[in-house]
Amino acid sequence: MMTRLNRKLVTFGLVLGFLAPSYAFAVAPSAPTNVTAVNASTANAATNAAQVLVSWSTVTGAIGYYVTATADGVSTSKAVPDGSTNSLVFEGLTGGKSYSFTVLARNNQGEDSAVSSAATAVAQSVPFAMTASSIVLASASSVKLTWRAL
């Protein structure tokens, strides 16, 4: 039989956590900060797709990140499966378009952070390189170079 004193002690114990069951509550990681986006030094030589280097400050407790590029209302996300990595070369972008990049962190309990502030960059692509059809030594100090138009 539980007396009034016992009920008060049980209630007091629950409030202080003495008798409460031990549950691990998932807490979302904080949002990544210091997000920057800059054009990568060169476009992908095989596809001529533009690339942007996205960087951020790592988040304590993160096991990975998701980087999202948005242009003209269309978003594409890429996973970064390492919590200690703080950058991604985002490839496959269209040259000349302005992209907004955001980052979110995920912890080992599947909780996602809020989305970071956006960083913006205009993706730059370079023209395809010419492929020489022939190189002929014209003189001791010059060559004759011919190529096929693309």
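Helices (H or I, at least four residues) and strands (E, at least two) are taken as DSSP runs and numbered from the N terminus. The structure is a predicted model, in which local features need pLDDT of at least 70 and side-chain atom pairs count only at pLDDT 80 or more, whereas totals for chains, interfaces and linings use all residues. Residues are numbered from 1 along each chain as its sequence is written, and side-chain values use heavy atoms, with hydrogens and water left out.

The mean pLDDT (the predictor's confidence in each residue, from 0 to 100) of the chain is 79, and 67% of the residues reach 70 or more. Over residues 5-20 pLDDT stays under 50. For that stretch the model has eight contacts (heavy atoms within 4.5 Å) beyond four places in sequence. Among the contacts in the chain with a separation of 6 or more, 56% are accounted for by residues 24 or more positions apart. Of the 150 residues, 25% count as buried; buried denotes under 20% relative accessible area, exposed over 50%, and partly exposed the range in between (1.4 Å probe, protein chains only).

Four strands form an open sheet in the order β4-β3-β6-β7, with antiparallel pairing; two strands are taken to pair if DSSP finds at least two bridges between them. The edge strands are β4 and β7 (119-122), each of which pairs on one side only. From one strand to the next the twist averages 25°, with axes as lines fitted to C-alpha atoms (for helices over the stretch in contact) and angles running from 0 to 180 degrees between N-to-C directions. The antiparallel pairing of β3 with β4 extends over seven bridges. The bridge partner of T70 is S75, in β4.

Within this sheet, strand β6 (residues 98-107) includes N107. N107 counts as buried because its relative accessibility is 7%. A polar atom of the N107 side chain lies 2.8 Å from the backbone oxygen of V27. Neighbours within four places in sequence aside, N107 is in contact with V27, A28, P29, G61, A62 and I63.

Side chains of opposite charge can pair when their charged atoms come close. Two salt bridges (a side-chain nitrogen of Lys or Arg within 4 Å of a carboxyl oxygen of Asp or Glu) are present in the structure. In the pair formed by D72 and K97, the closest N and O atoms are 3.1 Å apart. This pair links distant parts of the chain, 25 residues apart: D72 is in the loop between β3 (62-71) and β4 (74-80), and K97 is in the loop between β5 (87-93) and β6. D72 counts as exposed at 65% relative accessibility, while K97, at 32%, counts as partly exposed. D112 forms a salt bridge with R106, with the closest N and O atoms 2.6 Å apart. D112 is partly exposed, with a relative accessible area of 30%, and R106 is also partly exposed, at 28%.

Strand β1 (residues 36-39) contains V38, which is partly exposed with a relative accessible area of 45%. Residues up to four places away in sequence not counted, V38 touches V52, L53 and A121. The C-alpha atoms of V38 and A123 are separated by 8.4 Å, although the two residues are 85 residues apart along the chain.

Technical notes
A polar contact is a pair of N or O atoms within 3.5 Å; within protein, one must be able to donate a hydrogen and the other to accept it, and residues adjacent in sequence count only if both atoms are side-chain atoms.
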